Amino acid sequence: MDVRLLRIDSRLLHGQVATSWTKTTKVDRILVVSDDVAKDNLRKTLIMQAAPPGVKANVLTISKMLRIYYDSRFDFINAMILVENPVDAIRLISGGIKVPSVNIGSISFDATRKMVTDTIAVNHGDVTIFIWMHRRGIVLDYRKVPSDAKKDFWKCLCEKEFVHDTSQKLK
C-alpha cells in the first residue's frame with residue numbers, strides 16, 4: 001500500500017479533504033482510521049458518502065488498518081489515511097506504517113488543550129507525540145489545503161514554547 005498522506009484532522013473527511021487533498025495526492029482510497037468511528041454506524045455512513053466521485057472511502061479500526069497495510073492483496077491501493085488525533089497517528093506509525101511526514105489540519109480545542117494555531121489545539125500528550133515523531137525524522141506539516149504554503153508545525157511548537165529543543169533527533 002502506498003500511503004500518500006497521513007493527516008490528523010478532528011473533522012476527518014470533509015469538503016476540503018474530499019476535494020483538494022484527494023486531487024493533489026492522487027489517491028484512489030480514503031481510509032478513515034478510528035476505533036470510535038468504526039463503532040458508530042451513522043458516522044461511518046456519512047464519511048463513506050462524503051468521498052468524491054471515483055474515490056472509495058472506508059472506515060477502519062487501528063488494528064484492521066495495520067493488518068491490511070501488511071497484506072500484499074492491498075499493495076495496489078494509493079491511500080490517504082485520516083485520523084482524528086495524534087494518538088491514533090502514533091499508533092499507526094508505531095505499528096509500522098511508513099510516512100515521511102504527517103499533515104495536521106485541525107485538532108479541536110477542549111479543556112485539556114491550548115491553542116497553537118487558529119485550528120490546532122494541543123495538550124501535553126499531543127506534544128509528547130509530536131516530539132516522538134520529530135525525533136524520528138517525520139516532518140510535521142500543517143495546512144488546511146494543499147494550495148496553502150507548507151508550514152513547519154515543529155517550528156510553530158518551538159516558537160510558541162511548547163517544545164524547546166529544535167534540533168534533537170534520534171539516530
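Student: Which residues do ring pairs link into a cluster?

Tutor: Ring pairs link F130, Y142 and F153 into a cluster. The model is predicted: local features need pLDDT of at least 70 and side-chain atom pairs count only at pLDDT 80 or more, while totals for chains, interfaces and linings use all residues. Residues are numbered from 1 along each chain as its sequence is written, and side-chain values use heavy atoms, with hydrogens and water left out.

Student: How is a ring pair defined, and how many aromatic pairs does the rule give?

Tutor: Rings of Phe, Tyr and Trp (its six-membered ring) pair if their centres lie within 6.5 Å; planes under 30 degrees apart are stacked, over 60 edge-to-face, and the rest tilted. The count by this rule is three aromatic pairs. Among them, F130 and F153 have ring centres 5.1 Å apart and planes at 75°, so this pair is edge-to-face.

Student: Where in the chain do F130 and F153 lie?

Tutor: Helices (H or I, at least four residues) and strands (E, at least two) are DSSP runs, numbered from the N terminus. F130 belongs to helix α6 (residues 124-135) and F153 to helix α7 (residues 153-159), so their pair ties together parts 23 residues apart in sequence.

Student: What is the geometry of the pair formed by Y142 and F153?

Tutor: The ring centres of Y142 and F153 are 5.6 Å apart with the planes at 75°, so this pair is edge-to-face. It links distant parts of the chain, with Y142 in strand β8 (residues 139-142) and F153 in helix α7, eleven residues apart.

Student: How many disulfides does a search of the whole structure find?

Tutor: A disulfide is a pair of cysteine sulfur atoms within 2.5 Å. The search of the whole structure finds zero disulfides. For C156, the nearest cysteine sulfur is that of C158, 9.2 Å away, which is too far for a bond. C156 is buried, with a relative accessible area of 6%, and C158 counts as buried at 15% relative accessibility.

Student: What does UniProt list for residues 1-164?

Tutor: UniProt positions are in the numbering used here, feature names are shortened, and annotations may be inferred rather than shown by experiment. The unreviewed UniProt entry lists "domain: PTS EIIB type-4" for residues 1-164. Over residues 1-164 the chain is 37% helix and 23% strand, with the end C-alpha atoms 36 Å apart.

Terms used:
Buried < 20%, exposed > 50% of the residue type's maximum accessible area, 1.4 Å probe, protein only.
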